[in-house]
Amino acid sequence: MNKLFILFVLCCTFSFAQTGIIKGQILDKQSETPLPGATIELLNTENPVGVTTDMNGYYTFENAPLGRQNIRVSYIGYESITIPNIVVTTGKDAIVNVSLEEAFDQLDAVVLDTPTNKDRTINKLATVSARQFSLEEVNRFSGGRSDVGRLAANFAGVSAPDDSRNDIVIRGNSPTGLLWRLEGIPIPSPNHYSTLGTTGGPVSALNTNMLKNSDFLTSAFPAEYGNALGGVFDLGFRKGNIDNYEFTAQVGAFTGVEAMAEGPLGKKQGSFLVAARYSLVGLLGSGAGGTSATPNYSDISFNVDFGTGKFGNLSLFGILGNSDIEFLGDDIDEDDLFSAEDENSFVKSGFGVVGLNHRLNIGSKSYLKTIVSLSTSTNTFESDRFIDKNTPQERTIRYTETDDTQSRFTFSTLFNTKLSSKITLRTGVLYENFTIESLLRDREKQADTNNDGDPDLFTFRNTDESFGLLQPYIQGQFRLTKRLTLNAGLHAQYTNLNEQFVLEPRTALSYKIAPKHRLNFGFGIHHQQAPLPLLFLNEEINGQLVQSNKNLDFTRSTHYVVGYDVKIANGWRGKLEAYYQDIDNAAVEAFPSSYSSLTEGTDFAFDNDRVSLTNNGTGYNQGLELTLEKFFSDGYYGLLTTSIFESKYKGSDDIERNTPFNNGYVFNVLAGREFAIGKEKQNVLFFDTRVTFAGGRYFTPVDLQASQQAGFEILQEDVAFSQQYTDYFRWDFKFGIKINSKKKKLSHQFFVDLQNVTNQENVFVRRYNRLTNNVDQVNQIGFFPDIGYRLQF
C-alpha cells in the first residue's frame, strides 16, 4: 500500500500535455461494408475538430486529449451516432470501429441523430435477450479475473455461484447448453482443465486483451446459431494496429505473466496481433484456486490479417493452450475442493483452434465470408489410490483412468446482402466433422467379480468415432416501419450419427412505442445434441459392451420472450424481460427414476452409469429479469441486475423436481468511480465494487448408512435435488491507478482486486468422505487478493 501511495503522489505532481490517438473504421451496419467520406467529430474539446474516412472507411485523430473522449459519427442518409467514454492513453491507440444504420427513408441532406446503444448487439439480427460487452468492461469490473465467463455473471439471467469454475448457468439451463463461438465458428470449451462435454473450467484460456466488442445471448437466438439450448457467447478477435507497433506487458495473479505485440503487416492495411501468457497461481500458495496443488497453464493467441486485395481479405486466427496439475495425497488439505488424502491424481488438458477467415465484398451492398478451421480439446486424468495407507500392507492401484480427445473440422460460409435500407438477408451453412477418441476406466461403485480384493476396473468408454453435424440457415431483417422491425429466419440441423433432421423457426419483433420506449418479442425452437460423454457410454449386455445411448435424439427447447426497454435519462436505461422455456426430448432412464440429462453439467464429469437412455424427459424454465444500468458518464457507472426464476424437470418417474440450477433468485449490484488526477487531469484513480446475492444450489442428499456400508457415496435419488445449500453471498472491491508518461508513448496501470472481501464461507459441496466415514461440507474459495500491473508502449 505504501508503494501505491507513492505512485499516487508522483502522478499528482506530473504536469504535461501529452495526447493520444483515436482511430478505427466506419461500416454500414446492414451490409457491413466500408463507408468512405463519413464524418467523425471529436466533441468534448474547446475547439471541436473533425475528420473523414478514406476509401476503405478508416479514420484517425492524431492529437486526441488524454482521458475519456466522445466522438460523433455521421454520414448523409444515415442515422448519426455518438460514442462516449473512449479511453485515450499515451501507451496505446484507441481503436473505435462504428457501424451506422441507414435511415428508414433515405434522405439526401438530413442526418438523424441517435445516441449510442451499448446494450444493442454487434449482430444486427439479435433483438431480444442479448447484449454486447467490451474489453474495457472485462478488465474494469471487480472479481472478474479477466474472464468473460465471470463478466457474464453480472448480466441478468445468469447465475454463476461457484468460485472454483466459470460455468455459466443461463435462466436455469445446464452450463452444457452454452455455445462458444470465435470468429463465427463453434469451438470447444475455451478453458484450462476443461473436460469432455463441459463448457466451463477453473481458468479461461481466452485472452481478453485479444477480444473486440462481442455478443452474449441468453434466449431465442437468431437463425445462424444452432446446437445450443441455453445461451451463446459470440466472440471475435480484434485486429492489430494497422499503423504503429504497440506492445503490452502484464502480470496478474490469475492471468499470469503476459506479453502482447501488434502492428502493421504488408502494404494492404494488414496487421498482426499475438499474445502469450504463463500462469503464476502456483507462486501464490494454497487457496488461490481452491486447492493446495500447484496448477500450471499457458496459452498463446494470435490474429494475423493479411490485408485486403482484389481477391478479398484473408486472416489467420487461433488459440493454443495447455495445463496440468498434480494432486499428491500427502500434500492435500482436508478441505481441498478437488482431491483426497489417499490418492495421487494427475491431470493434463489441452485446447487449440486455428482458423482461416476469408471475406470477399461483392459490390457495395454484399459480402461472402468463409471460414475453415481445425480445433481440438484433450484431457487426461489418472488417479492412483493408496490401499491400507500408512500400514505395512500399503499398496497402490490404478483407480481411474481417462483419456479424451475431441477433434473438429469446421467449414462455414455465409452470404450477407443489403437489398435496401429496409431489408437485409443472410444465408449460410455450417458443417462440423467430429472425431472422438475417448477412454474411461474406473473402479468406483464396481463389484469385485475376479476376487482379487479390489473393485473391478470397468471400461465405461472406449471409442473412436467420427460423425458430422450440418446446419444450414437463412434469416433476414425487415424494417416494416420506422418503429417496427422484424427479424425472422429458419435454422436446420442434421447429424449422420443417428440420421436425425430438424427444422427450427426463429422470429423476433422490436417495436418502438415512443422515442425512449421499446417493446421486444422473441420466439424460437432450438435443438442440441446429447452430451458426448453420455452418447458413447458402454453397457454390458450378454457379456458384450454396447453403446446403448448412441441413438439419442436432439433435446428440444422452445423459447418465448417479451421485453421492455426504456431510456430513463441521459446515460441511463432500464430493461425488463419475462421468459418461458419449454424443454422436451431430454435423456432419461428407461425405468422410473429421477435422472435426466438436464441435471448434468454441475461438475467436471458426467454420470458414467446412465445407459439405455430414452428421449422422454421434460423440463421448463421461467422467470423475470430486471436490468438498471448507468453507462459511464460524469466519472461513474453502475449496473443492477435482478433475476427471479424457476427451473424444473421430470425424469422417467414423471415427478416434477428442482434442477440443481434452480437458485430461485440472483441479485447483482456493481458500481465504479474514476477520478482524473494530476495538474493536467491526465491520470486516473479508479474504484469498482460488486456485490452478489443468490439462492443456494439444490442437491441430492447422501444416504449415509448405505454409503458407509458400500464404502462409496450413495445418494437418495428418490428425493433428488430436494435440499438446498444456504444462500450465496460475495463482495468484491477493486481499486487502482492509470498513469500516462509525460515524455513517451507509454502508460502504466496498477490494480488490487480484493475478492470475497468478507471471507464468506459459501458452500461448495456436501459429500460422503470415505476417510472420515461421514458427510463433510467443503466450502468455496475464501478471501483472495488479485494484484496486477500493466505496461503499454
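K650 is partly exposed, its relative accessible area being 29%, where partly exposed covers the range between buried (under 20% relative accessible area) and exposed (over 50%), computed with a 1.4 Å probe and protein chains only. Elsewhere, salt bridges with shared partners join K23, K92, D93, R238, D243, E246, E262 and K745 into one network.

The model is predicted: local features need pLDDT of at least 70, side-chain atom pairs count only at pLDDT 80 or more, and totals for chains, interfaces and linings use all residues. Residues are numbered from 1 along each chain as its sequence is written, and side-chain values use heavy atoms, with hydrogens and water left out.

The structure holds 52 salt bridges. Side chains of opposite charge can pair when their charged atoms come close. One of the bridges joins R441 and E401 at 2.6 Å, N to O. R441 belongs to strand 27 (residues 423-442) and E401 to strand 26 (residues 395-418), so this pair ties together parts that are 40 residues apart in sequence. Strands here are DSSP runs (E, at least two residues), numbered from the N terminus. R441 counts as partly exposed because its relative accessibility is 28%, while E401, at 15%, counts as buried. Another bridge links the side chains of D147 and R150 at 3.7 Å, N to O, and both of these residues are buried.

With a relative accessible area of 5%, L125 is buried. Leaving aside residues up to four places away in sequence, L125 touches P222, R426, Q475, G476, Q477 and N487, contact meaning heavy atoms within 4.5 Å. D582 is 457 residues from L125 along the chain, and their C-alpha atoms are separated by 23 Å.

On the surface, L265, F306, L314 and L356 form a nonpolar patch with about 300 Å² of accessible area together. Patch residues have over 30% relative accessible area and no salt bridge; like charges are joined within 9 Å and nonpolar side chains (Val, Leu, Ile, Met, Phe, Trp, Tyr) within 5 Å. Accessible areas come from the Shrake-Rupley method with a 1.4 Å probe, and for residues only the protein chains shown count as cover. L314 lies in strand 23 (residues 312-328) and is partly exposed at 31% relative accessible area.

Terms used:
Salt bridge = Lys/Arg side-chain N within 4 Å of Asp/Glu carboxyl O. Helix = DSSP H or I, 4+ residues; strand = E, 2+ residues; numbered from the N terminus.
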